[in-house]
Amino acid sequence: MAGGHQSSAGSVAGSSGSSSRSRNELWSLLTEHFTPPVDCGVTLPSGPCKRIHVKDKRVQIIVERREYLQGSICSDKNCEATTEKVFYKNPEKKLALFGDGKFCGPSDPSLIAKIRKSFTQMVDEFASTVKPGKEENTENLPVLYETPCNGRHCDELIYLWEFGKIEALDRYPKEEYEKVMHCYHGGQAVGHHISFFMHYIIHFFIGTKLLLYNNVEKPPKLNYMYEDSCDGQTFLPYERKNLQLWMKDLDATTRMCKKAFRCIYLYVYWRRKFEPNYNIETDDILELGSDENFWLRCFSRF
């Protein structure tokens, strides 16, 4: 499938103009993370200057033995070494997206922090513009009960997110909210059900958009976990049948991406209804990877 191209990457998650350009920053940062330089580089002390701090004999020997590093030494005596940075011989030579068969970028806390911030800002922007009472979808299809949730509240909530039933979310009862937020029906493998669901939805959205942004013609395989609900929900129940068209049909792929993203920002909208002090930046359910790297779990090598 001929995917999207970088100039149109904001179309799945927003409008044009400066707002769209700011959203494109996320895909640019993620591309940077998943297309590291070909050579492995060397990790050395650095600071705000982003240059090498020769702070001991070990660093001095490393620099002396690598001519390409000698032009990157910090000469400011007042500049303190506050972090570490990877320095490459040929930083312009990049691996193709997932070209090494891995779905995890190299350790880079600074870049991961930027990715997290960009992602939460984008989600927050959409969640903040949802208009109470405005229905995004007027279809009234039956709820698909696919998980072993005893009270069926999780499946019913996911249905509201999938179809953008904002009016129903506005009327969502507090007692049902408490049940959902304390639902661990799937056992140890699933844990907290909504966290489990959002994990797979977020990774699907980011992974798919990243492929479209980079116009990937031969995408990796989608994780088999999306094929059915297992002990916990992993995808949008009504869209699951369309996964056979994933990265083969651009319109179908874009539609699934949009619906996945809508689930994410409506989840935030829903949380704020019941938690006045809700902070999107500290919500573990929306957390992307570790502090050092990000592993896309929507793909599989097999």
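This is a predicted model: local features need pLDDT of at least 70, side-chain atom pairs count only at pLDDT 80 or more; totals for chains, interfaces and linings use all residues.
Visitor: Met 247 first. Buried or exposed?
Guide: Met 247 counts as buried, because its relative accessibility is 4%. Buried means under 20% relative accessible area, exposed means over 50%, and partly exposed is in between (1.4 Å probe, protein chains only). The areas come from the Shrake-Rupley method.

Visitor: What about the phi of Met 247?
Guide: Phi of Met 247 is positive, about 60 degrees, although the residue is not a glycine. Asn 215 is another non-glycine with positive phi, at about 55 degrees.

Visitor: Where does Asn 215 lie?
Guide: Asn 215 is in the loop between helix H7 (193-213) and strand E3 (221-222). Asn 215 is partly exposed, because its relative accessibility is 34%.

Visitor: Zooming out. How many helices and strands?
Guide: The protein has eight helices and four strands. Along the sequence the pattern reads α-β-α-β-α-α-α-α-α-β-α-β.

Visitor: And what share of the protein is buried?
Guide: Of the 302 residues, 49% are buried.

Visitor: Which residues touch the most others in the largest nonpolar core?
Guide: Trp 161 and Trp 270 touch the most other members of that core, which holds 77 residues. A nonpolar core here is a set of buried Ala, Val, Leu, Ile, Met, Phe, Trp, Tyr and Cys residues joined through side-chain atoms within 4.5 Å.

Visitor: Which elements give two or more residues to this core?
Guide: Helix H1 (18-34), H3, helix H4 (153-162), helix H5 (166-170), helix H6 (174-181), H7 and H8. H7 gives the largest share of this core, 14 residues.

Visitor: More on Trp 270. Where is it found?
Guide: Trp 270 sits in helix H8. Trp 270 counts as buried, because its relative accessibility is 0%.

Visitor: What is the C-alpha separation of Gly 164 and Leu 266?
Guide: 7.7 Å, for residues 102 apart along the chain. Gly 164 lies in the loop between H4 and H5. Gly 164 is buried too, at 0% relative accessibility.

Visitor: New topic. How many salt bridges?
Guide: The count comes to nine. The rule is a side-chain nitrogen of Lys or Arg within 4 Å of a carboxyl oxygen of Asp or Glu.

Visitor: What is the N to O distance between Lys 179 and Glu 176?
Guide: Their salt bridge has an N to O distance of 3.2 Å. The two are about one helical turn apart, because they are three residues apart in helix H6. Lys 179 is partly exposed, with 43% relative accessible area.

Visitor: Which parts does the Arg 255 and Glu 239 pair tie together?
Guide: The side chains of Arg 255 and Glu 239 meet at 3.4 Å, N to O. Arg 255 lies in helix H8 and Glu 239 in the loop between E3 and H8, so the pair ties together parts 16 residues apart in sequence. Arg 255 is partly exposed at 34%, while Glu 239 is buried at 3%.

Visitor: And Arg 271, which residue does it pair with?
Guide: Arg 271 forms a salt bridge with Glu 275, with the closest N and O atoms 2.7 Å apart. Arg 271 is buried at 9%, and Glu 275 is partly exposed at 24%.

Visitor: Which residues join into one network?
Guide: Glu 239, Arg 255 and Lys 259, through salt bridges that share partners.

Visitor: Last one. Which residues form the positive surface patch?
Guide: Lys 50, Arg 51, Lys 85 and Lys 114 form a positive surface patch. Patches use residues with over 30% relative accessible area and no salt bridge: like charges are joined within 9 Å, nonpolar side chains (Val, Leu, Ile, Met, Phe, Trp, Tyr) within 5 Å. Lys and Arg count as positive, Asp and Glu as negative, and His and the chain ends are not counted. Each charge is placed at NZ of Lys, CZ of Arg, CG of Asp or CD of Glu.

Visitor: Where does Lys 114 lie?
Guide: Lys 114 lies in helix H3 (residues 109-128). Lys 114 counts as partly exposed, because its relative accessibility is 45%.

Terms used:
Residues are numbered from 1 along each chain as its sequence is written. Side-chain values use heavy atoms; hydrogens and water are left out. Accessible areas come from the Shrake-Rupley method with a 1.4 Å probe; for residues, only the protein chains shown count as cover.
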